Amino acid sequence: MLNKLLFKNQDRKQLIIAMIGAFMGITFLITSIHYLIKVNEFGEGADILGPNTIMVQKKVSNSSSLNLTRTDFSLKELEKIKSEPFILDVKPVVSNNFDVSFETADPLVPRFRSDVFIQTVDPKFLDVKNPLWKWNKNDTVVPIIMPREFLVMLNTFMSASGIPQVSDDLAMDINFKFTLSNEDNSKKEWVDARIIGFTNEVSSILVPESFMAYGNDNFSDGTEQKITQVMISGKESEFGRVEELLEARGLESKNAQMVVGRLKSMVGTLFLVVLGISVIAVFVSGLVLIQYMQLLMTRNAYEVRTLLRIGYPPKEIIQKFFIYFVKIFGIIALMGIAIFFIFKYFLDEMFASGGLYIDTGITFGSIGTLIFAYIIFTFASYQTAKKGIFREY
Amino acid sequence: MQIILNNVLPTPLASIQHGPQSIWGNHIELNSGKKIMLNASSGKGKSTFTTVTIGLRNDYDGTILYDDRDISTFSPEEWANIRQRKVSVVFQDLQLFPKLTVQENLLLKNSLTDTYSEMELIQQLEALEIDNKWKQHCGILSMGQQQRVAIVRALAQPYEWLIMDEPFSHLDKENTERCLNLIHQRTVDQGAGFVLTTLGEDHGYTFDQELKL
């Protein structure tokens with residue numbers, strides 16, 4: 001009877017409009033959160049998302065060729081770059097300060113030898129995450145990360161020599177050898193090397209930091225090692241500002257890295273926009289329902305006041321409004337989930353037809369977000385009901 | 001339950017001069033089981049007395065005590081319990097639900113304490129000659145019929161005090177007499193008391209006490 005008194009004579013049209021608004025918001029929220037998570041998972045595997053990492057060096061100009069300007073970085077400059085709010089980290093790329101040659105040392109592979117220069121960077125900047133990339137003085141083999149361009153170059157050499165080309169896995173089975181020597185060749189050492197991964201980030205052979213320190217300690221002529229390249233990690237969605245910094249400081253990077261950086265930045269920004277719209281959508285949908293609740297309570301002000309006057313406890317009336325709206329939101333949430341599954345079926349089909357095989361499982365994140373939204377709405381509706389009832393008290 | 005008004009002066013009536021016999025600004029005791037008439041002309045604060053005494057407004061100076069307890073300290077839940085079981089009211093504006101039927105209006109109140117069966121409620125309506133309105137919406141009843149429904153509703157709970165604010169203003173002499181008989185019987189059965197505000201008419205009833213404003 002209390003339900004009849006409080007809810008039967010309401011304006012159904014307004015309730016339906018409020019429900020449609022909330023339903024649309026909820027459906028958009030679940031769908032967008034689900035695909036944000038799925039695309040994020042897909043993007044992480046393909047290195048689409050995450051911080052922008054680029055290797056930069058100073059632009060070489062005519063004046064720097066004439067030694068009028070410096071092409072190396074001072075520690076102060078690195079600190080300055082690192083202090084920018086959109087920069088996550090800056091680390092120097094350390095190069096060899098001694099002579100190194102690299103050759104194949106495998107009877108199954110034709111001999112190939114070249115003077116090379118090697119570098120080392122902090123592993124966190126690399127797309128290769130391999131726990132084997134470490135070395136200490138007693139180790140007989142140095143793990144190395146090769147630039148993918150090197151494998152391409154090697155295969156070109158193999159092809160031109162009429163020798164079968166090698167795959168990534170095969171290249172990682174080949175034994176290589178480094179020859180370390182000082183400037184006058186009076187001191188030499190041979191160290192075996194093995195490829196453990198390929199990178200697109202750097203164009204030189206990468207060795208563990210400890211191996212580089214060993215070589216520089218034992219074979220360098222004692223001159224100070226200059227920092228000519230640095231790795232910069234910028235915030236995902238603020239690559240434009242990183243680019244501005246590079247321009248302002250006369251720095252340059254590989255074009256491909258810049259393009260990837262822009263794309264990553266754009267994807268990151270789009271993610272934030274979609275996420276923002278989703279949050280606004282669910283906030284507005286909740287607000288629409290809460291406003292309708294307030295309207296209903298205002299229209300029922302006389303009934304509420306009279307019920308209180310004839311002895312109905314405020315808690316009981318609050319509970320009536322609260323449960324009524326929690327049920328309505330429950331219906332909306334269930335409808336939203338149902339429509340989400342229909343959307344999901346068509347969107348998964350659409351992705352698959354475009355060659356993007358995104359995992360089609362349900363994301364707990366989207367369901368969790370819905371539950372979170374439900375809890376927030378439940379709390380808001382209880383507070384609204386309480387406030388509305390006590391206003392009439 | 002004893003009700004004491006201790007120097008109570010509602011803010012809207014503060015500018016009016018109240019005599020030594022007035023309930024406003026003086027010490028007044030409403031003792032348990034008494035049948036009291038509160039007699040005053042319009043605008044003297046009869047409805048204010050009702051609303052202030054049952055805690056619907058608190059814009060007054062002084063204190064009102066229920067059995068030595070200041071009513072301004074009661075929580076909303078305590079008030080709900082008092083209005084369900086200790087103090088019942090017939091409001092001047094009746095406070096019925098016009099979109100509900102007579103049956104629904106009475107059951108809505110009765111369900112709080114399960115005081116009567118439906119049959120007993122119909123019998124009370126019958127005693128007031130409106131039992132044929134049981135299924136009709138209150139909004140379409142005449143004021144006199146609505147007053148009688150409001151009286152039956154007020155009786156559909158246990159109480160120690162029944163406060164009635166001009167409950168017979170739209171009733172003829174015969175219907176007033178019927179209502180007073182019903183109210184008297186129910187009040188006496190419970191050992192309760194009542195306060196009836198009027199414009200000077202005693203309706204042929206012998207009151208234990210008369211208060212003035």
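Trainee: What share of the contacts in chain B with a separation of 6 or more is accounted for by residues 24 or more positions apart?
Mentor: Keep in mind throughout that this is a predicted model. Chain B has six helices and nine strands, and 44% of its 213 residues count as buried. Within chain B, taking the contacts with a separation of 6 or more, the part that falls to residues 24 or more positions apart is 79%.

Trainee: And in chain A, among contacts between residues at least 6 apart in sequence, what percentage joins residues at least 24 apart?
Mentor: Chain A is built with twelve helices and eleven strands, and 27% of its 393 residues count as buried. For chain A, among contacts between residues at least 6 apart in sequence, the percentage that joins residues at least 24 apart is 81%.

Trainee: Which helix gives the most to the side of chain B that touches chain A?
Mentor: The contact between the chains takes 16 residues from chain B and 13 residues from chain A. On the side of chain B that touches chain A, at least two residues each come from α2 (76-85) and α3 (102-110) of chain B. With five residues, the element that gives the most to that side is α2(B).

Trainee: By class, how many nonpolar, polar and charged residues does the side of chain B that touches chain A have?
Mentor: The count covers the 16 residues that chain B brings to the contact. By class, the side of chain B that touches chain A has five charged, three polar and eight nonpolar residues.

Trainee: Are α3(B) and α5(B) roughly parallel or roughly antiparallel to each other?
Mentor: The axes of α3(B) and α5(B) come within 9 Å and cross at roughly 25 degrees, and α3(B) passes α5(B) in a right-handed crossing. The contact is made by Val102(B), Asn105(B), Leu106(B) and Lys109(B) of α3(B) together with Val149(B), Val152(B) and Arg153(B) of α5(B), and its residues divide into four nonpolar, one polar and two charged. Since angles under 35 degrees take that name, α3(B) and α5(B) are therefore roughly parallel.

Trainee: How are α11(A) and α12(A) placed, roughly parallel or roughly antiparallel?
Mentor: Helix α11 (residues 314-353) of chain A packs on helix α12 (residues 364-392) of chain A with the axes 9 Å apart and at an angle of about 150 degrees, and α11(A) passes α12(A) in a right-handed crossing. Among the residues that meet are Phe321(A), Phe325(A) and Phe329(A) in α11(A) and Tyr374(A), Phe377(A) and Tyr382(A) in α12(A), and by class this contact has 16 nonpolar, two polar and one charged residues. Because angles over 145 degrees take that name, α11(A) and α12(A) are roughly antiparallel.

Trainee: Does Leu94(B) count as buried or exposed?
Mentor: Leu94(B) is found in the loop between β6 and α3 of chain B, and its phi is near 70 degrees, a positive value in a residue other than glycine. Because Leu94(B) has 21 C-beta neighbours inside 10 Å, it counts as buried.

Trainee: How many C-beta neighbours does Glu129(B) have inside 10 Å, and as what does it count?
Mentor: Glu129(B) lies in the loop between α4 and α5 of chain B and has a positive phi of about 60 degrees although it is not a glycine. The number of its C-beta neighbours inside 10 Å is 13, so Glu129(B) counts as partly exposed.

Trainee: How far apart in space are Pro110(A) and Ile163(A), C-alpha to C-alpha?
Mentor: Pro110(A) is found in the loop between β3 (99-104) and β4 (113-116) of chain A, and with 12 C-beta neighbours inside 10 Å it counts as exposed. Not counting residues up to four places away in sequence, Pro110(A) touches Ser161(A) and Ile163(A). Although Pro110(A) and Ile163(A) are 53 residues apart in sequence, their C-alpha to C-alpha distance is 8.3 Å.

Terms used: Residues are numbered from 1 along each chain as its sequence is written. Chains are lettered from A and ligands numbered from 1 in the order in which they are written. This is a predicted model: local features need pLDDT of at least 70, side-chain atom pairs count only at pLDDT 80 or more; totals for chains, interfaces and linings use all residues. Axes are lines fitted to C-alpha atoms, for helices over the stretch in contact, and angles run from 0 to 180 degrees between N-to-C directions. Helices (H or I, at least four residues) and strands (E, at least two) are DSSP runs, numbered from the N terminus. Angles under 35 degrees count as roughly parallel, over 145 as roughly antiparallel, 65 to 115 as roughly perpendicular and the rest as oblique. A crossing is left-handed if the near helix is turned anticlockwise from the far one by less than a right angle, and right-handed if clockwise. Two residues are in contact if their C-beta atoms, placed from the backbone, lie within 7 Å. Ala, Val, Leu, Ile, Met, Phe, Trp, Tyr, Cys and Pro count as nonpolar, Asp, Glu, Lys and Arg as charged, and the others, Gly among them, as polar. A residue is buried if 20 or more other C-beta atoms lie within 10 Å of its own, exposed if 12 or fewer, and partly exposed in between; C-beta atoms are placed from the backbone.
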